[in-house]
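Please look over the sequence and the coordinates shown below before reading on. The report then takes up selected parts of the structure, one topic to a heading.

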Amino acid sequence: MEEAIKMSEHNLNSNEGGPFGAVIVKNGIIIAKGSNRVTTENDPTAHAEIVAIREACKILGDFQLTDCDIYCSCEPCPMCLGAIYWARPARIFYAATREDAANAGFDDAFIYDELKVETSDRKIISQQLLRENANIVLQKWNTLDKKIPY
């Protein structure tokens with residue numbers, strides 16, 4: 001956890017991104033690190049956790065973080081939490097809370113709220129198109145013998 005916090009402080013001092021860091025550990029060894037790169041890479045998905053997950057998956061040669069732990073300088077936002085769950089690490093550890101982040105100007109409460117709202121009532125217009133066409137592809141996926149389930 002100390003390394004994740006050091007990375008968040010480095011970002012604060014270097015102005016390389018938001019004040020967040022993440023570290024992924026397997027068998028007691030740090031295998032990947034990530035710091036927030038949203039503003040330096042002009043990528044809204046370049047949160048510390050996502051950067052660390054991408055790096056760890058490359059190193060492991062796998063899309064899952066089996067038997068890994070992720071240490072985050074702050075409680076993961078909804079996007080990062082989703083990515084963490086898809087990566088399937090064993091555990092998540094975090095330092096600051098989402099409330100602490102909100103007090104620093106990083107308030108994700110509106111996203112947590114939007115997830116509970118019907119798609120037709122969300123703030124960003126969401127419209128379904130060509131469902132039947134998309135379902136044909138999904139049905140084909142179900143019949144594949146050589147697919148890699150995840």
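Predicted model: local features only at pLDDT ≥ 70, side-chain atom pairs only at ≥ 80, totals over all residues.

Cys74 takes part in no disulfide, and the cysteine sulfur nearest to its own, that of Cys72, lies 8.6 Å away.

Cys57 is likewise a buried residue, with a relative accessible area of 15%. The closest cysteine sulfur to that of Cys57 belongs to Cys68, and because the two are 8.3 Å apart, they are too far from each other for a bond. A disulfide is a covalent bond between the sulfur atoms of two cysteines. When the whole structure is searched, the number of disulfides found is zero.

## Overall architecture

The protein contains seven helices and four strands, and these elements follow one another along the sequence in the pattern α-β-β-α-α-β-α-β-α-α-α. The C-alpha trace spans about 50 × 40 × 25 Å along its principal axes.

Of the 150 residues, 31% count as buried, and the protein exposes about 10300 Å², of which carbon and sulfur atoms supply 54%. Among contacts with a sequence separation of 6 or more, 45% are accounted for by residues 24 or more positions apart.

Ser35 is placed in strand 2, which covers residues 29-35, and it is buried, with a relative accessible area of 7%. The side chain of Ser35 makes a polar contact, at 3.0 Å, with the side chain of Arg37. Leaving aside residues up to four places away in sequence, Ser35 touches Met7, Asn11, Phe20, Gly21, Ala46, Ala48 and Val51.

Asn11, one of the residues touched by Ser35, is found in helix 1, residues 2-14. With a relative accessibility of 0%, Asn11 counts as buried. Its contacts, again without residues up to four places away in sequence, include Gly17, Pro19 and Phe20 as well as Ser35, Asn36 and Arg37.

## Two asparagines with positive phi

Which backbone angle is positive in Asn15, although this residue is not a glycine? The angle is phi, with a value of about 60°. Asn15 sits in the loop between helix 1 and strand 1, the latter covering residues 21-26, and at 65% relative accessibility Asn15 counts as exposed.

Asn27 also has a positive phi, of about 55°, without being a glycine. The place of Asn27 is in the loop between strand 1 and strand 2, where it counts as exposed, its relative accessibility being 66%.

## Salt bridges

Side chains of opposite charge can pair when their charged atoms come close. The count of salt bridges in this model comes to four, and three of them are described here, beginning with the one in which the side chains of Glu3 and Lys33 meet at 3.0 Å, N to O. This pair links distant parts of the chain, since Glu3 lies in helix 1 and Lys33 in strand 2, 30 residues apart. Glu3 is partly exposed at 24% relative accessibility, and Lys33 is partly exposed as well, with a relative accessible area of 41%.

A salt bridge also joins Arg91 to Asp69, with their closest N and O atoms 2.8 Å apart. Here the linked parts of the chain are strand 4 (residues 91-96), which holds Arg91, and strand 3, which holds Asp69, and the two residues are 22 residues apart. Arg91 counts as partly exposed at 46% relative accessibility, whereas Asp69, at 10%, counts as buried. A further salt bridge is formed by the side chains of Arg98 and Glu75, at 3.2 Å, N to O. Arg98 belongs to helix 5 (residues 98-103), while Glu75 lies 23 residues away in the loop between strand 3 and helix 4 (78-87). The relative accessibility of Arg98 is 37%, so Arg98 counts as partly exposed, and Glu75 is buried, with a relative accessible area of 18%.

## A nonpolar surface patch

On the surface, Phe63, Trp86, Trp141, Leu144, Ile148 and Tyr150 form a nonpolar patch, and together they have about 720 Å² of accessible area. Phe63 is located in the loop between helix 3 (48-60) and strand 3 (68-74), and this residue is partly exposed, with a relative accessible area of 40%.

Technical notes:
Residues numbered from 1 in each chain as written. Heavy atoms only, no water. Buried < 20%, exposed > 50% of the residue type's maximum accessible area, 1.4 Å probe, protein only. Polar contact = N/O pair within 3.5 Å; in protein donor to acceptor, adjacent residues only side chain to side chain. Contact = heavy atoms within 4.5 Å. Patch = residues over 30% accessible without salt bridge, like charges linked within 9 Å, V, L, I, M, F, W, Y side chains within 5 Å. Areas by Shrake-Rupley, 256 points an atom, 1.4 Å probe, with all protein chains shown as cover. Disulfide = S-S within 2.5 Å.
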